[in-house]
Amino acid sequence: MNSTVYSSRLLATVQTVQLVSAIYLAILGIVQVISNALLLFTIFRDPFKTLRLPATLFIASLSLADLLTGFLANSLISWYLLSKIYALTFNEVMVQVGDVVSGITVTVSNATVLAISWVQLISITYPYKYRKIVTSKSIGISVICIWLYALIFSLLQLTSVQHVAVRLADLFINYTALLVAFMVTYVLLYLRFRRQIYLTRSNGVLGMNSVKFQRTFYIANLILLSLHLGCTIPHSVDLYFTFYGDLISLEERLWHSTAKLVIYDVLFLKFSLNVLVYAWRLPKYRNAFREALCNGCRIVEPTCHVTTNGPIIRYIGESVVLTSYTVWHPFASVVMDTGNHIQQIT
């Protein structure tokens with residue numbers, strides 16, 4: 001008797017979590033679609049011509065993937081959860097479409113985030129060769145390869161290849177390998193940045209030696225690392241548990257399904273925050289959006305502070321070029337050239 005009552009209460013809890021998750025994902029999807037559509041509109045219009053840089057292609061690709069995640073994956077998952085609660089129609093074709101679409105967009109989003117961190121690492125490690133390596137052509141080819149890889153990998157679910165084998169490959173390659181590569185990249189990024197600080201001190205370069213610049217760099221990358229790892233590691237752990245765990249009783253399966261819903265909610269939160277941390281936090285994207293929205297009725301002028309000695313310092317929000325080399329990071333940037341003036345644009 002007590003077991004029956006416990007199971008009924010647990011089932012009611014699962015249904016409540018399903019309902020909350022369905023509403024949450026639907027709202028999150030609407031936010032993702034609107035925010036990413038506005039970003040793509042801003043990049044397309046680009047009224048100040050400040051977004052026409054190679055790395056912006058990665059931002060646009062990331063935005064498109066997150067937009068499709070919100071429009072298709074979020075809506076299909078929400079409808080699936082509601083169908084389980086209220087016995088609505090949800091056929092197997094929609095399940096397969098949801099798996100393929102979410103597989104493509106999630107893989108593209110995670111791979112693009114890793115590619116952005118590689119661009120940042122290249123800019124610090126090979127500052128003199130940055131403009132030769134990171135070009136519109138190389139970034140464009142990378143974006144095409146990422147989308148083709150994600151498309152082919154997701155379509156394997158519809159072929160005769162064993163479903164379990166595809167899921168395991170997805171776990172090992174698209175989650176575990178990407179997570180390890182992401183962490184290794186940020187460790188190397190930190191080490192290379194510290195080395196560049198040491199090398200520039202003797203040259204009297206102000207940008208990287210300023211406490212404010214270093215603090216901004218560390219905080220920005222810590223936020224990016226924490227967001228990515230905090231949202232993807234729980235999902236990866238759950239996938240490993242799903243494949244190698246042993247759930248026997250009904251209660252264990254119900255608790256696991258409830259935990260899985262919460263983990264999915266956390267994972268999809270990352271896709272809604274990408275547009276904020278990689279684009280809207282930057283003044284140049286916000287200024288370009290305001291100008292594009294009012295169609296030239298308002299011009300946002302940067303504020304300048306000019307002195308008479310030292311190199312030129314410009315905050316342009318995409319690349320950091322210090323004397324003869326470049327440092328890239330997604331939150332703020334500084335361009336420095338030799339000269340007789342210091343010009344800071346915020």
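A pocket is found on a 1 Å grid over the protein atoms alone: it is an open set of points where a 1.4 Å probe fits, with protein on both sides within 12 Å along at least five of seven lines. Its lining residues have an atom within 4 Å of a point, and its volume is the space filled by probe spheres set on the points.

The model is predicted, with local features needing pLDDT of at least 70 and side-chain atom pairs pLDDT 80 or more, while totals for linings use all residues. Residues are numbered from 1 along each chain, and side-chain values use heavy atoms, without hydrogens and water.

**Exercise 1.** Describe the largest pocket and its lining.

Step 1. The volume of the largest pocket is about 1,200 Å³.
Step 2. Its lining has 42 residues, and Ile 77, Asp 99, Arg 167, Lys 260 and Tyr 264 lie nearest the centre.
Step 3. By class, 22 lining residues are nonpolar, 13 polar and 7 charged.

**Exercise 2.** List contacts of Phe 58 beyond its neighbours within four places in sequence.

Solution. With contact meaning heavy atoms within 4.5 Å, the partners include Thr 112, Ile 116, Ile 139 and Ile 146.

Definitions and conventions
Nonpolar A, V, L, I, M, F, W, Y, C, P; charged D, E, K, R; others polar.
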